[in-house]
Amino acid sequence: MQALAETLRETWRFYRKTLILVFTGTKEYYLWCLLLLCIMLVGFLFYLPQIRTGLITTNMKDQVVWGLYIANFTYLVGVAAAAVLLVVPAYIYQFGPIKEIVVLGELFAASSIIMALLFVMVDMGRVDRFWHMLPLIGSMNFPDSLLAWDVIVLNVYLVLNLLIPIYLLLKTYYGKEPNKKFIVPLVLFSIPMAVGIHTVTAFLYNGLPARPFWNASILAPRFLASAFCSGPAIIIIVFQILREYTFIKLEDRALFKIAELMAYAMFLNLFLLMSEMFKEYYSDTMHIASLKYLYEGLHDKNALVPWIWVGTIMNLLAFILFLFPGTRKRLSTLNIGCILIIAGVWIEKGPGLVIPGFVPDPLGEIYEYIPNFRELFISFGIWATGFLIFTLLMKVAIPIGSGEFSHAKYIEERPASKYQQQVV
Amino acid sequence: MPNRSYTRREFIRNLSLAALSGLSIPMLSSCTKEHAEDFLQKHFLEMTNDEKEALIARLEARYLKKYGKKFKVSAQEAIPNTLWGYGLDLSRCIGCRRCVYACVDENNSSRCKPQSQWIRVIRLKKGSLIDLENSEHYYNPETVPEKDYIYMPVQCQHCEKPPCVKVCPVHATWKEPDGLVVVDYNWCIGCRYCIAACPYRGRIFNWADPNVPPDKWNTSVHYLGNRPRMRNVVDKCTYCIQRVRMGRYPACVEACPTGSRKFGNLLDPQSEIRYVIENKRTFRLKEDLHTEPKFYYFFEA
Amino acid sequence: MQRIAFTVLLFFLIGVLTTALAKEVGEEFSVPPPPFKEGMYPCSSCHASMETNRKKRDLKDEHITIRLHHAEALRWCLDCHAAGNRDKLRLYNGELIDFNRSYLLCGECHGNVFKDWKVGIHGKRQGYFAGGKRTYLLCVHCHDSHSPRSKPIKPEPPPYTPKDRMNAK
């Protein structure tokens, strides 16, 4: 009983300290958080009419039932899966310089999954009936429905990606050694889970014979390849920003190693795209319709053509930049390559995958879906939410990792009376 | 980094932010009894007969309050030994769309903003009949039929192996014992996976609350069929479940002026649909997808 | 003896029944009344007092709105309408039938369609399809017997396109 009370008190103290950490910072930090909060608020204000009136406020129609929200969802699941790219070298190959950013990478994956889940929530028509999807309590259609699988694996992955870093951080905070027997199996388990979440998301599209564009066996490999390009690219950029503004130690060597692994993924991504194009253009059946709509335009409808060509060229340029060690091992060109691949893969996964699956629709109709400003602002709001969560997590995790925020320091700096105020 | 202590100002700031975030939760905006009942409703197939009766009473009271009309909601079960099949004579369809609008009237579908039509008639060029990619949905000539074209109405095909049922994450749609694929509008979460999965554009989404002119309501409704729907759920043709389980033809069959539509019980050897399948040249759409639809298109002789 | 008599009677009854069933002309379908124009029927109200003119010609005095466009090169009015009794129709074998059994007349030439119609798969279906409550319509309820080809009709409006204002918020 005494121990429980003490644990609760200690938890409260820790929580209070993290609150202090989160609410104190530099001017740039405050501005950044304020900006994100504003974007979140705007997004939320646009979400309210969507619940009140219905999804008619979006530009989605019966012909194209999934749009910007699910595009972002797919992209973010890929980004979250890419955290594995950090884990793999660190724990399997014992590559030192990456180990320190693994924890932060996993928190990054957790933020991405939260964003992905938020995108699903805004896309769902009846969020108030979400409990129907829960196993046992609701009526989850497991194992037939891939969406049911997705709910399970995404939430398990989220729990893993919160559990592992928080456990490691708490151990560091208290100056204790993590129990390898507990944490290493979990870490190793998160590797197939990462592959799993994106494979399940790919199978969600793949298992629909009604949509020949998605019903290609190549879809799941394409998803994984593009995920392993874009996710680490975001991580490379984000961690350079963190290195700039915090005391985190991050060697360039770690970034270059990630970039090297990304180069393989980029090649695979382009190769799979080439395979897809060969199969469709050479066989020249009617199933080419969606690909033709995407790359050439179909029946004078060609809204997506400029997008996909820009995206494909971006992917190609990024691959070239990453291929040559000269450009890969120079931060300036590396960053350009990262931005190119982030945008390129977003285009490939969003307008390049979700929308053409619906064009032409099962009865041959073409509806050119373009998101309207409401959908855009809601999407921005969710991206801002994810960024804010990640920022706040970093605000606590980095000081813990660097040793500044630790229990030992708290003990030695703790005032004798809890009402005594220390002026800095 | 120096460790600043916890001042009162910061405490107030934290508290106000926490309160703001708490209030911004969009759910539970008006926790009325109605919402609570809806929220806690069980899955239709798990309800006992008493629960179903209570549900129907609740719905009828609600419709009376909301629309000012006395609805008769039926939860009639499938008649044993029935498997409903549909026939469509392509040599006779003239594309007049009377079926589309008869269906809209019978099934309380939204007229505009958005317009919900369960049946879609497409125009195909003679000579390349099932070239769906080159179909025309919005033909509007002075008179039909037009030379060089045939017309093919498409609606939910009530497949024996429905892909929509397979993908629904919450079992909101299922195949009834008499072969009808139905949706429980009170269980659907609006994820639209089933619409993505349907190869025939059989299912559509209620993007907003349906707009039905007050004098056009059809008050003989079935729980799984044409009762007033709500926004953000999926609906579809039910072969007029409220009619066929009483032995009546679906509204589209009755509306067709050229008699292109046939309906009957596939398990009854004397039925019209069995005669069609046995004596006419029937085919089904997208046979290669192996969905086993129960909607047979045929040509005269 | 009794047994033989009983079997003979049984076979006789079976024979009567089968021939009765086989006799198509005897088949009855409950149909709504024929769609006569106002005041047209009974035809004998005018024709009983008129002389029968069997010459094939274009009618000038009465029934001038009827344009015969139904194998008119080979037939004319009195090939289908009974010359002696205008309240009846005339089958090929000379037998006279009422207007509410006109399907027999149409079925003489349009045998395939007649076969389909009897089973219920030709023509408009209405009402109940099961429980013995099936109803039939006469051919003439949908087809003008003098000019049977269906006229083109104006289609109902097409659906709103997805981009249409009436489909959006």
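Reader: Why is A:H299 called partly exposed?

Author: A:H299 has 13 other C-beta atoms within 10 Å. A residue is buried with 20 or more such atoms around its own, exposed with 12 or fewer, and partly exposed in between, the C-beta atoms being placed from the backbone. Because 13 falls in between, A:H299 counts as partly exposed.

Please keep in mind that this is a predicted model, where local features need pLDDT of at least 70, side-chain atom pairs count only at pLDDT 80 or more, and totals for chains, interfaces and linings use all residues. Residues are numbered from 1 along each chain as its sequence is written, while chains are lettered from A and ligands numbered from 1 in the order in which they are written.

Reader: What is noted about phi of A:H299 and of B:H171?

Author: Phi is near 50° in A:H299 and near 60° in B:H171; each is a positive value in a residue other than glycine. Most residues other than glycine have a negative phi.

Reader: How many residues does each chain give to the contact between A and B?

Author: Chain B gives 53 residues and chain A gives 51; two residues are in contact if their C-beta atoms, placed from the backbone, lie within 7 Å.

Reader: Which peptide bond is cis in chain B?

Author: The bond from B:K113 to B:P114 is cis, with omega near 0°.
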